[in-house]
Amino acid sequence: MRPTTEQIKHAILHVDQDVRDAAVRYFAQPATSDADAMPLVLRAVERYGSEAFSTFFFLANLPQTPESVGWLLSEIERVESLEDLSLFLYYQSLTYALLRAGAEALQPLAATIRECAYLSTRTKAIVARSLALHDTPPEALWNELLDFCQVLDEKERINRDDNNISWSFVRALARYPEQFSGRVLEILEDELQAGTNLEWQAVRLAGRWRLEAAVPQIAELLTDLDTLIFSDAQQAMVGIGGDTVLAEIMRRFPTADEGFRMAAASVLGELRTEVGVQTALEFLAQEQDENVRSLLLQAVLDNFATEGIEPARQFLLSALRGCQTTASESSEIPGILHFQPVVWQPPKKIVATEVRSALLVASKMTGQFFPEFEDWQLEAMRDAILRKHFAQEKFRHLDSDVFVDEEYTDDVDDEEDFDFSVPPPTFVRETARVGRNEPCPCGSGKKFKKCCYGKESLT
């Protein structure tokens, strides 16, 4: 059983920060994008202040209005210093949301954005480019996209500005599905476009247009965890949703490699549907890989489905058995609890920690508790203090001058740009990975993406 959409919306104002975080994440993705979410976020900030949410990077994935853009600008001006980690990340999340806002929300405040003393020239230039693209005639806009992607293909490295402008093209073209959907399908079916930036943009547009005909091609891109397009392909599948995506997942899942099964598990959770939850539970009953099992459990728990509580509890009891953390220092970290800092955690413990977090939130959301709840909640609080201390220490030892430079302040799009966290789990492949741009193992002399990529499992 899952809470209703209205109950989850109401949870954005919950007294518990973890529940607020989970509730707002529920709406901060393509399948459940909801205009009601942002006003509730503003109410939560009014009620709880800077502690309303543990992070604000979800703002970039919520629909913005001129009113909410005005709030973003007022908050940006309110940030007094970028030398404090929490303020630095808050500023970055606000700026990121501004860069991802649609032209309809930005246009009424275009003059205010141009005059804002707290935005870098780079941010203003990207906003101006987004507004200009919005006003460009469709055919000219498509030709600009082709030229832009060709330039990116010739660059050694795509920077964050390039990525933000790429999304500006997607938002501008999203208004013309009838005119360009056929061209997008041709790009996705063209083997010569594999690995190009035009393919990347085509995937994003297919997701925006819910282009069901593109599902088989996009599903092929979910076989390699290490490609940049992987995350966008996953989000495109979520955006398209529906029976076609479910059918493709169910067809491939039993024989797919770990990369696809992990991506599919996340997609099932982000579809935010009862059938997605039930499919995840069915796969869970047969799955043996611990990483995939953890993501299937999170898919169920992120939908606050009570059916996932006992399986997640059993998973944790098994995963944490004999999994001891190690401490090398006796110094105490200031906070509500005192403990010895964990220097290293086995991947098994880290995977279990992710499931534990989702389990605790689902229990609090639904009121269905379990015997270990209080102990695991205490451990979660301890780990949160550790992560915060780890992040603050790492931030403190970085060169503070870099954070006040105008040309740098918008150079971080999310938390991953600075690893202010405990190291993530390591996924170990049984065989060597073959990258899409590497020589094909068949010996043809061609790149893998232009030869055997997608024809058989080689990784």
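**Close-up views of a predicted model**

**View 1. Helix 8 and helix 10 pack against each other.** In this predicted model, the axes of helix 8 (residues 121–134) and helix 10 (residues 160–173) come within 9 Å and cross at roughly 20 degrees. Helix 8 is therefore roughly parallel to helix 10, since angles under 35 degrees fall in that class. The crossing of these two helices is right-handed. Helix 8 contributes Arg122, Ile126, Arg129, Ser130, Leu133 and His134 to the contact, while helix 10 contributes Asp161, Asn164, Ile165, Ser168, Phe169, Arg171 and Ala172. Sorted by class, the residues in the contact of helix 8 with helix 10 are five nonpolar, four polar and four charged.

**View 2. Helix 15 meets helix 16.** Helix 15 (residues 242–252) and helix 16 (residues 258–270) pack with their axes 11 Å apart, at an angle of about 150 degrees. The crossing of helix 15 and helix 16 is left-handed. On the side of helix 15, the residues that take part are Val245, Leu246, Ile249 and Arg252; on the side of helix 16, they are Phe260, Ala264, Val267 and Leu268. By class, this contact of helix 15 with helix 16 has seven nonpolar residues, one charged residue and no polar residues.

**View 3. Tyr176 and Phe180 form an aromatic pair.** The model holds a count of 13 aromatic pairs. In the pair formed by Tyr176 and Phe180, the rings lie 6.3 Å apart, centre to centre, with 85 degrees between their planes. The arrangement of Tyr176 and Phe180 is edge-to-face. Are these two residues, Tyr176 and Phe180, buried or exposed? Both Tyr176 and Phe180 are buried.

**View 4. Four aromatic residues form one cluster.** The members of this aromatic cluster are Phe53, Phe56, Phe58 and Tyr90.

**View 5. Gln368 lies in a loop between two helices.** The loop that holds Gln368 runs between helix 20 (347–366) and helix 21 (373–396). Gln368 counts as partly exposed because its relative accessibility is 34%, and this class lies between the limits of 20% and 50%. Which residues does Gln368 touch, not counting residues up to four places away in sequence? With those neighbours set aside, Gln368 touches Thr306, Ile309 and Ser363.

Note on methods:
Residues numbered from 1 in each chain as written. Predicted model: local features only at pLDDT ≥ 70, side-chain atom pairs only at ≥ 80, totals over all residues. Heavy atoms only, no water. Axes fitted to C-alpha atoms, helices over the stretch in contact; angles between N-to-C directions. Helix = DSSP H or I, 4+ residues; strand = E, 2+ residues; numbered from the N terminus. Parallel < 35°, antiparallel > 145°, perpendicular 65-115°, else oblique. Left-handed = near helix turned anticlockwise from the far one by under 90°. Contact = heavy atoms within 4.5 Å. Nonpolar A, V, L, I, M, F, W, Y, C, P; charged D, E, K, R; others polar. Phe/Tyr/Trp six-rings, centres within 6.5 Å; stacked < 30°, edge-to-face > 60°. Buried < 20%, exposed > 50% of the residue type's maximum accessible area, 1.4 Å probe, protein only.
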